[in-house]
Amino acid sequence: MDAMAMRTRHTELCPLDTTLKILDGKWKSIILCRLMDQELRYTELLNSLFGCTRRMLSLQLKQLEHDQIICKKVDRTYVPIKTSYHLSPLGQSLVPLIRAMDTWGRDYLQVVANN
């Protein structure tokens, strides 16, 4: 189910479910973090994600591209073809949210660890 289908998951408009669906996926959050500051080639992304398979990375990238969060750039002047990814304008608008969620998660882990 894609992010647009999640908008009415509870038979009512639910933007939060849409947002959560976009970020849902084992590797999506870290992919987005990697792309927040720079454009990366497919191989660079793969090498930075220890334990992520080529198939899984391709699937996660396709989903993010389908949801218009990232853009894929193909340069056919290179052999082999150079494929790179960067955040779209919609993806860029997620950056403050991702950073806020990271801060909240860090604070949460500290509180829970101290209880």
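**Sheet, helix packing and cysteines in the predicted model**

Strand β1 pairs with strand β3 (residues 82-87) in the antiparallel sense, over 2 bridges. The model is a predicted one. Within this pairing, L40 stands opposite Y85 of β3. The two strands belong to an open sheet of 3 strands. Its order is β1-β3-β2, and the pairing is antiparallel. The edges are taken by β1 (40-41) and β2 (70-75). Each edge strand has a single partner, so one side of each is left without a neighbour in the sheet.

Helix α2 lies across β1, β2 and β3. It runs at about 95° to β3. The axes of α2 (residues 28-35) and α4 (residues 54-66) come within 10 Å of each other. They cross at roughly 70°. Angles of 65 to 115 degrees count as roughly perpendicular, so α2 is roughly perpendicular to α4. On the α2 side, the contact is made by K28, I31 and L32. On the α4 side, L57, Q60, L61, Q63 and L64 take part. By class, the contact of α2 with α4 comprises 5 nonpolar, 2 polar and 1 charged residues.

The cysteines were examined next. The structure holds 0 disulfides. A disulfide is a covalent bond between the sulfur atoms of two cysteines. For C52, the closest cysteine sulfur is that of C33, at 14 Å. This is too far for a bond, because the cut-off for a disulfide is 2.5 Å between the sulfur atoms. C52 has a relative accessibility of 9% and therefore counts as buried. C71 is likewise in no disulfide. Its nearest cysteine sulfur, again that of C33, is 18 Å away. With a relative accessibility of 27%, C71 counts as partly exposed.

The relative accessibility of P89 is 72%, so the residue counts as exposed. The limit for that class is over 50%. P89 and L46 are 43 residues apart along the chain. Their C-alpha atoms are separated by 23 Å.

Notes
Residues are numbered from 1 along each chain as its sequence is written. This is a predicted model: local features need pLDDT of at least 70, side-chain atom pairs count only at pLDDT 80 or more; totals for chains, interfaces and linings use all residues. Side-chain values use heavy atoms; hydrogens and water are left out. Axes are lines fitted to C-alpha atoms, for helices over the stretch in contact, and angles run from 0 to 180 degrees between N-to-C directions. Helices (H or I, at least four residues) and strands (E, at least two) are DSSP runs, numbered from the N terminus. Angles under 35 degrees count as roughly parallel, over 145 as roughly antiparallel, 65 to 115 as roughly perpendicular and the rest as oblique. Contact means heavy atoms within 4.5 Å. Ala, Val, Leu, Ile, Met, Phe, Trp, Tyr, Cys and Pro count as nonpolar, Asp, Glu, Lys and Arg as charged, and the others, Gly among them, as polar. Buried means under 20% relative accessible area, exposed over 50%, partly exposed in between (1.4 Å probe, protein chains only). Two strands pair if DSSP finds at least two bridges between them.
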